[in-house]
Amino acid sequence: MLPDLTRLFDLTGKAALVTGAGSGLGRAIAEGLAQFGAAVSVVDVRREAAEAAAGDIVRAGGKAIALGCDVTQRAQVEAAVARTAAEYGKVDVLAAVAGIGDRNPAEDMTEAQWDRVVEVNLKGVWLMNQAVGKHMIATGGGGSLINMGSIAGQVGLRTGNANYGASKGGVIALTRTLAIEWARFNIRVNAIAPVQFKTPLALRLIEQKPETLEYFLSRIPLGRLGEVWEIVGPAVFLASNASTMVTGIVLNVDGGHTAE
């Protein structure tokens, strides 16, 4: 006889820290985790955006605090983790979503463009994983780390994304390595890899270069961009007891893009 499985996705009693949570996929994940019962630290380099998102969560009946944090700065990262632990008593879930893009054809890409994207997207994920991982190891409670990868870390694109693709490929490799290293601490480490979603960043790009939308859709078998709420289910799954035997995976949320 199976145990009662009806509450597998319930996050009540869990504390989550979500970076890049002021807008886009990060905000959707923060709101989604809160709706499933988690207490959330809404973390963003733009403190005002974090406060707006946290305010919406609280007004909807959830529990949230807002923290300003540049994920490329170790001191700020460690302070955000310490503040979350002080507020909620622990950190059970990390969703490392903060990331940027800066497109340019590879032959024209500047060193500054390369460095900044890799610094935020890869170093920032590493610093946050390390800080939360150390907290989880010290407390002995285990937990779930969820890193934001991308299809760009798995397949080549024609949209001037050498820096972005390299950074996301690094996130995927880091995820797998940490999953192996930290399994003995009952820390699960997984990545979500989305295709293009209707985030403010993607919509601005399409507005600037309308032909980009046709290219995106030509590579997505489902024939559409993702809606931001469609990232929530995968994140809740990886954060919850529904995935306690899942670690080291890349969960593609890509409308079939990587299946081709």
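The following legends describe close-up views of a predicted model.

**Figure 1. The largest nonpolar core and the surroundings of Ile 231.** The largest nonpolar core comprises 42 residues. Those with the most contacts inside this core are Val 18, Ile 29, Leu 33, Val 40, Val 42, Ile 192 and Ile 231. Helix α1 (residues 24–35) supplies the largest share of the core, namely six residues. Apart from this core lies another, of 32 residues, which includes Val 43, Val 77, Tyr 88 and Leu 145. In soluble globular proteins, nonpolar side chains tend to be buried together. Beyond its neighbours within four places in sequence, Ile 231 is in contact with Leu 25, Ala 28, Ile 29, Ile 192, Pro 194, Phe 197 and Val 253.

**Figure 2. Strand β4 and its two pairing partners.** Strand β4 (residues 93–96) directs Val 93 and Ala 95 one way and Leu 94 and Ala 96 the other way, and all of these residues are buried. Strand β1 (residues 15–19) and β4 run parallel and are joined by four bridges; Val 18 stands opposite Ala 95 of β4. Four bridges also join β4 to strand β5 (residues 143–148), again in a parallel arrangement. Here Leu 94 stands opposite Leu 145 of β5. The chain passes from β4 to β5 through helix α4 (residues 111–139), and this β-α-β crossover is right-handed.

**Figure 3. Asn 147, a buried residue of strand β5.** Asn 147 lies in strand β5. Its relative accessible area is 0%, and Asn 147 is therefore buried, a class that requires a value under 20%. The side chain of Asn 147 makes a polar contact with the side chain of Asn 129, at 2.7 Å. Residues up to four places away in sequence being left out, Asn 147 touches Ala 96, Val 125, Asn 129, Val 171, Thr 175, Val 189, Asn 190, Ala 191 and Ile 192.

Figure 4. Strand β2 (residues 39–44) pairs with β3 in the parallel sense over six bridges, and Ala 66 in β3 is the bridge partner of Val 42. Together with helix α2 (residues 47–59), β2 and β3 make a right-handed β-α-β unit. Leu 67 is placed in strand β3 (residues 63–68) and counts as buried at 10% relative accessibility. Leaving aside neighbours within four places in sequence, the contacts of Leu 67 are Ser 41, Val 42, Val 43, Asp 44, Arg 47, Ala 50, Ala 80, Arg 83 and Thr 84. Leu 67 and Arg 224, which are 157 residues apart in sequence, are 34 Å apart in space, C-alpha to C-alpha.

**Figure 5. Gly 20 in the loop between β1 and α1.** The loop between β1 and α1 holds Gly 20, a residue that is buried, with a relative accessible area of 16%. Apart from neighbours within four places in sequence, Gly 20 is in contact with Gly 26, Arg 27, Val 43, Asp 44 and Ala 98.

Figure 6. Helix α7 (residues 211–218) has Thr 212, Tyr 215 and Phe 216 buried. Seen down the axis of α7, the buried residues fall within an arc of 100°, so they line one face of the helix. The face turned away from this buried side carries the exposed residues Glu 211 and Glu 214. The cover over the buried residues of α7 includes α6 (200–208).

**Figure 7. Gln 196 in the loop between β6 and α6.** Gln 196 occupies the loop between β6 and α6 and is buried, with a relative accessible area of 14%. Not counting residues up to four places away in sequence, Gln 196 touches Ile 151, Phe 216, Ile 220, Leu 225 and Gly 226. Gln 196 and Ser 41 are 155 residues apart in sequence, and their C-alpha atoms are 25 Å apart in space.

**Figure 8. The backbone at Asn 186.** Asn 186 lies in the loop between α5 (162–182) and β6 (187–194). Although Asn 186 is not a glycine, its phi is positive, at about 60°. Most residues other than glycine have a negative phi.

Notes. Residues numbered from 1 in each chain as written. Predicted model: local features only at pLDDT ≥ 70, side-chain atom pairs only at ≥ 80, totals over all residues. Heavy atoms only, no water. Core = buried A, V, L, I, M, F, W, Y, C linked by side-chain atoms within 4.5 Å. Buried < 20%, exposed > 50% of the residue type's maximum accessible area, 1.4 Å probe, protein only. Contact = heavy atoms within 4.5 Å. Arc of directions from axis to C-beta. Pairing = 2+ DSSP bridges. Right-handed = clockwise from strand over helix to strand, strands pointing away. Polar contact = N/O pair within 3.5 Å; in protein donor to acceptor, adjacent residues only side chain to side chain.
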